[in-house]
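Here is a short note to read alongside the structure.

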Amino acid sequence: MKGYFRDSGKRRSNSGRRHRRREWLLRRSRKLVCRRRNAHNRSPKTLDTGPLTSGSVVTGYDGRVTIRLPERLDFESCYEVTAAHFSLIGQCLKKGFRIRSLDFSSLKQISPSAALVLVSLVDIWNVKVGGRLRAAHRTWHPEVKALLCQMGYFELLGLPRPLEVPKGLTTNFLEFVRAQVGSSQSGALAKKLRIDLERIIGQRLKRQFLFEGLSEAITNVGQHAYKTSKAGHRPYWWMSGSYDRAKRKLTVMFYDRGEGIPNTLPNSAFFELIRAYFYSWKDSEKIRAAMEIGKTSTGKQERGKGLQNFVEFARAHRTGKLSIYSLRGLHKMTWNNEDKSDDPSDTETIDYKHSICGTLIEWTVTI
């Protein structure tokens, strides 16, 4: 009799487990159905995709988004395509879309400035969400993989660096630097960037001009870029550099995702001088006006020449170029020392359809 009751208890226990298992499977299937419905409701059509990015967004059954990057990311040669894809990532940050991964399988070339903006977006995502982006780097182009390794992309995601690094690369990137606005370490970070650049170049730079340009960029971000709070925007700035040994070309980049130079001009001390023209100008013309005023919006003469400090590093080399992208505008100046003139040998202003969502300052000089 004891054995009988013991066996009956086992049968009752097994029956209870099977019943709980069925209940769990039923609840799980209901959750999956709800997830699929929610994923359908969160279709990528709610993202502002256009002809340049319409085939770049894939949404999974769980609502997570995969963004396919194009073959080339370069503001100078294909600005609209580059900015449009970065805008998709920015929209995901702002609207709360969950990104599963960035698909690098088609990407074959990335410029230094585009790499910095990409890293800044991933950095914001990492701070906001906690680093859940995937990196299927086995499908990446070897050169792109190596450059992003140098910039610290894998450390952002908490992933080990790939062991395989291609040989024969002519371009070296520096690991990006990020700081919060108002950080007491800003000066030390600018100095460290200069030391690292001299290490990869193998010679000394025109230190004063580079330091003044970076210091002015850091100061302007602190005073103007983040006056108002924006969704998806953090009060950070990023900088990095690269050196192409084959072309002896040095590039230094500084980027922030603040309000942009065109939007901060109305708060400047010299705004009354340009009020009559300001509202008819495009973004590129507003950037040019900020450069030509030669005085910061603080109105303090001891602050020096304001945005004009940006030009000194480019002007001091054999050939130099300063490009300032802000919102939808670009103001670019080029110097050639053979002209023996302090004025740029070429000046160009361009306006685009897509915004860079902040301000990017790029110095390119020949060593």
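**Notes on the predicted model**

1. Start with helix α10 (residues 283-293). Its buried residues are D283, S284, K286, I287, A289, A290 and M291. The cover over the buried residues of α10 includes α8 (261-264), α9 (271-278), α11 (309-315), β10 (319-326), β11 (329-336) and β12 (346-351). Keep in mind that this is a predicted model.

2. Next, the salt bridges. The whole structure holds nine. One of them pairs R178 with D123, with the closest N and O atoms 2.7 Å apart. R178 sits in strand β7 (residues 177-180) and D123 in helix α3 (residues 112-129), so the bridge ties together parts 55 residues apart in sequence. D123 is buried at 1% relative accessible area, while R178 is partly exposed at 33%.

3. E348 and K332 also form a salt bridge, at 3.4 Å from N to O. This pair links strand β12, which holds E348, to strand β11, which holds K332; the two residues are 16 apart. K332 is buried at 14% relative accessibility, and E348 is partly exposed at 31%. Shared partners join E76, K321, K332 and E348 into one salt-bridge network.

4. D196 and R199 form a salt bridge, their closest N and O atoms 3.9 Å apart. Both lie in helix α6 (residues 186-201), three residues apart, or about one helical turn. D196 is buried at 17%; R199 is exposed at 57%.

5. On the surface, R17, R18, R20 and R22 gather in a patch of positive charge. R20 belongs to helix α1 (residues 2-41) and is exposed, at 54% relative accessible area.

6. Overall, the protein has 11 helices and 13 strands. Of its 367 residues, 48% are buried.

Terms used: Residues are numbered from 1 along each chain as its sequence is written. This is a predicted model: local features need pLDDT of at least 70, side-chain atom pairs count only at pLDDT 80 or more; totals for chains, interfaces and linings use all residues. Side-chain values use heavy atoms; hydrogens and water are left out. Helices (H or I, at least four residues) and strands (E, at least two) are DSSP runs, numbered from the N terminus. Buried means under 20% relative accessible area, exposed over 50%, partly exposed in between (1.4 Å probe, protein chains only). Patches are made of residues with over 30% relative accessible area and no salt bridge: like charges are joined within 9 Å, nonpolar side chains (Val, Leu, Ile, Met, Phe, Trp, Tyr) within 5 Å. Accessible areas come from the Shrake-Rupley method with a 1.4 Å probe; for residues, only the protein chains shown count as cover. A salt bridge is a side-chain nitrogen of Lys or Arg within 4 Å of a carboxyl oxygen of Asp or Glu. Lys and Arg count as positive and Asp and Glu as negative; His and the chain ends are not counted. The place of a charge is taken as NZ of Lys, CZ of Arg, CG of Asp or CD of Glu. Contact means heavy atoms within 4.5 Å.
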